[in-house]
Amino acid sequence: MLYWQVLINGVLLGGLYACAAIGFSVIWGVMNLINLAHGSMIILGAYITYVINSATGLDPFLTIPISGAALFLLGFMVQKYLINHVIEGSVFMTLILTFGLDLLLVNMTLLLFTADFRSITPSYAGLGWEIGTIRVPYTRLGVFFFALALTLILSLLMNRTKLGNAIKATSFDKDAAGLVGVNVFQVYAITFGLGAAMAGMAGSLISVLHSFSPVLGGTFTMKAFVIVVLGGLGSVPGAIVGGLILGITENFASVLLEAGYKDAISFILLVAILVLRPRGILGKQFFAEV
Amino acid sequence: MKKIATVLVCVAVGVFLVWCPYLVSFYWLRILTNIFMFAILAQAINIIAGYVGYPAFGNVVFFGLGAYSTGILMVKFQTTFFTSVLVGMAICVLFTLLFGVPVLRLKGHYFAIATLGLNEATRAIVDNLSGLTGGGMGLSLPLRAGDIGANARYFYFVFYGTMLLSILVTYLLSRSRFGYACRSIRSDEEAAEGMGINTTKYKTLAWMISAVLTGIAGSGYAYWMSYIEPGVVFDMTIAIKSFVMFLLGGPATVLGPIVGAFFVEAVSTLTWSHLLNYHTGTLGAIIILVVIFMPQGFISFIRQGFSFSTFVKKGKKKFSGREKRIEMA
């Protein structure tokens, strides 16, 4: 029975992980850009929810569109006015550009909110479903469904709309996309905005379950790395698979082994997957040259 | 002419730095020592990432391995510092032999993440082997005998010497057959393989050199600080910071990473002492500005006579040609 509980916890956490990593994955897959500020953007989303919730008492789940819109704007501006200038240059210059951005965001959130851990406790936080001895809290269930819904919406956007086609075309061949009339730089800005928006909305979801602090951004960036590599770059199903694997592995590792080995297991898994199947489990080759 | 001037400036700076510990306060001595340490780390990254084109993002793992070799040997086995450095170097070599072949098959971002994964896994394991490593409680090393001034100068020269060694190694590398092999791997690995270069051998060797230099810096750090814990010596921030120094200075140049280290640490120290609360933010803003205005790094900025023309040209350039998507600097 314990193992069922662990499995369910793992799956629920995995859904959240998928949503938290998908933005990172899309930005990387489309622009070959590793956004080291991804974790800080997640944290920023969490703080937006926190501020709105503590000021107006609005339900954390209802703040998702607000944090999404705010982060979209931020991401759009960052790509348009900063990263687009150097995206043509060396891959690793863009990497340290986002590192600089990360330092800036962390410092800003620290000044605004201090390093104290914050958390949001909705009125229904203690309630949950009970089936036999298995317990599923409503908050976790809600976070799981919202995470999947958001990921699905992004997937529909990428696969069913004109914008999605433009983004995909740009990621396959930016020169050809430019020739057929896609404004490549505009698409880049929108893509980064979308990635940031997904990060912000995932942050709102995380704020319901966990306590957070500005300095936790790095952890989330690291997890996004693992998930994207596990599942495969730039693909929505890949992120879901990667998220689920990481969530389930982490939960089982903390039950079966000493809790401290949880991280070791997920990173050993990462290195093993990289060596055995570098494209990731569901990966197709986008920018990634393996 | 230009070459002679460069050599003269380097020698003058080098001699001045030998004289320095007798001129400046302990505060500045400590900052300089720290700069030397980061210069070694940046130079080590330059060897594997700059010359061979493999972005070893998680190179800080060797820093941690060196630090813990020194820590464990000096605390549990009462060896001398020197012995522990040698053992630390040997462990770094073993690590690259063990993981070099599988991990160096990966390229670009994938290699970067694999090394990052190796670092995180090693950190977690060190964290859990608390019998040997002290775990999260950390490990306190014996203090070096002697007064504060003598100790400060001792560590200053340990790191200064290692930095000079790293510069020498890079210089020799850049002029040797080995260096040419490395650069040919960076430009086109398949072609290099086709020309009969044993790419696996050279890649592993280069990573090994980089690992050993990083390991020495780690050992020195452990003895210098006399306290280490996994979260500090396996910290990804160290890796990212030295990567930033390497890139800002100028990849695949002998002195670039050193210049980068001096710049980043100097700015970091100045903002830290004047704008404590805005320290990281200011550093972030400066990094962003440098990347936007000098995307090729300092060395080429200096070589081009301090002009921002590269930036202006870059801004005007439209998409042209089918450049290789993943390419290092």
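Let's start with B:S226, which is partly exposed because 15 other C-beta atoms lie within 10 Å. The cut-offs are these: a residue is buried if 20 or more other C-beta atoms lie within 10 Å of its own, exposed if 12 or fewer, and partly exposed in between, with C-beta atoms placed from the backbone. You will find B:S226 in the loop between α10 (199-225) and β2 (227-228) of chain B. Helices here (H or I, at least four residues) and strands (E, at least two) are DSSP runs, numbered from the N terminus.

A quick word on what you are looking at. This is a predicted model, in which local features need pLDDT of at least 70, side-chain atom pairs count only at pLDDT 80 or more, and totals for chains, interfaces and linings use all residues. Residues are numbered from 1 along each chain as its sequence is written, while chains are lettered from A and ligands numbered from 1 in the order in which they are written.

Back to our serine: B:S226 has a positive phi of about 55° although it is not a glycine. Most residues other than glycine have a negative phi. B:Q78, also not a glycine, has a positive phi of about 50°. B:Q78 sits in the loop between α3 (60-76) and α4 (81-103) of chain B, and B:Q78 counts as exposed, with 8 C-beta neighbours inside 10 Å.

Now over to chain A. How many helices and strands does chain A have? There are 11 helices and two strands. Reading from the N terminus, the order is α-α-α-α-β-β-α-α-α-α-α-α-α. Of the 290 residues in chain A, 56% are buried. The C-alpha atoms fill a box of roughly 60 × 45 × 35 Å along the principal axes.

Let's look at those strands. Strand β1 (residues 128-131) of chain A pairs with strand β2 (residues 134-137) of chain A in the antiparallel sense, over four bridges. Pairing means that DSSP finds at least two bridges between two strands. A:I131 has A:I134 in β2(A) as its bridge partner. The hairpin has two residues between the strands, and A:G132 there takes a positive phi near 60°.

A:L2 and A:I134 are 132 residues apart in sequence, but 8.0 Å apart in space, C-alpha to C-alpha. A:L2 lies in helix α1 of chain A and is exposed, with 9 other C-beta atoms within 10 Å.

What does α1(A) meet in α5(A)? Residues of α1(A) including A:L12, A:G15 and A:L16 meet residues of α5(A), among them A:R140, A:F144 and A:L154; contact means C-beta atoms, placed from the backbone, within 7 Å.

Finally, the partner chain. 45 residues of chain A are in contact with 46 residues of chain B. Which helix gives the largest share of the side of chain A that touches chain B? That is α4(A), with 14 residues. By class, this side of chain A has 30 nonpolar, nine polar and six charged residues. Here Ala, Val, Leu, Ile, Met, Phe, Trp, Tyr, Cys and Pro count as nonpolar, Asp, Glu, Lys and Arg as charged, and the others, Gly among them, as polar.

Methods: Contact = placed C-beta atoms within 7 Å.
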